[in-house]
Amino acid sequence: NFGVFDHICKFYGYRILYLIGVDDINGMYSFIPKIPENILMSNEIQFALKVWKASSCGEYTTFFNLMKEATPLCASVMSIKAD
């Protein structure tokens with residue numbers, strides 16, 4: 001069911017963005033490997049992983065550019081890290 005898959009991808013993406021925001025690296029390393037490959041390859045998860053890379057490498061220009069591209073809800077979750 002595409003609707004369910006889409007919602008799961010969005011939820012997982014939000015979770016990754018939240019874990020980035022609260023600097024829960026252990027949570028990231030335990031959560032990412034549990035994500036099924038078909039969900040891992042979704043646009044939502046790939047976006048969240050780009051945000052993680054930018055954040056973890058200190059690439060704040062990239063982080064804020066991604067925040068501008070994000071949906072309003074994703075940008076809201078990303079703002080946890082921006083504060």
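Predicted model: local features only at pLDDT ≥ 70, side-chain atom pairs only at ≥ 80, totals over all residues.

Reply: Start with Ser 55, which is buried, with a relative accessible area of 10%.

Me: Why does Ser 55 count as buried?

Reply: The label rests on a cut-off: buried means under 20% relative accessible area. Ser 55 has 10%, so Ser 55 is buried.

Me: Where is Ser 55 placed, and which residues is Ser 55 in contact with beyond its neighbours within four places in sequence?

Reply: Ser 55 lies in helix H4. With those neighbours left aside, its contacts are Ile 20, Phe 63 and Lys 81.

Me: How do I read the largest nonpolar core, and how many residues does it have?

Reply: A nonpolar core is a set of buried residues joined through side-chain atoms within 4.5 Å. Here the largest one has 24 residues, and Ile 16, Leu 17, Ile 20, Met 28, Val 51 and Met 78 have the most contacts inside it. At least two residues come from each of H1, H2 (25-31), H4, H5 (60-69) and H6 (72-82). H4 gives the largest share, 6 residues.

Me: What does Val 51 touch, not counting residues up to four places away in sequence?

Reply: Val 51 touches Leu 17, Ile 20, Phe 63, Leu 66 and Met 78 on that count.

Me: What is the volume of the largest pocket, and which residues line the pocket?

Reply: The volume is about 170 Å³. Among the lining residues are Lys 10, Tyr 14, Leu 17, Asn 43, Phe 47, Glu 69 and Cys 74. Helices H1 (2-21) and H4 (43-56) are the elements that give two or more residues to this lining. By type, the lining divides into 6 nonpolar, 3 polar and 3 charged residues.

Notes. Residues numbered from 1 in each chain as written. Heavy atoms only, no water. 1 Å grid on protein atoms, 1.4 Å probe; cavity = no way out; pocket = protein on both sides within 12 Å on 5 of 7 lines; lining within 4 Å. Points joined across faces, edges and corners; volume = space filled by probe spheres on them. Helix = DSSP H or I, 4+ residues; strand = E, 2+ residues; numbered from the N terminus. Nonpolar A, V, L, I, M, F, W, Y, C, P; charged D, E, K, R; others polar. Buried < 20%, exposed > 50% of the residue type's maximum accessible area, 1.4 Å probe, protein only. Contact = heavy atoms within 4.5 Å.
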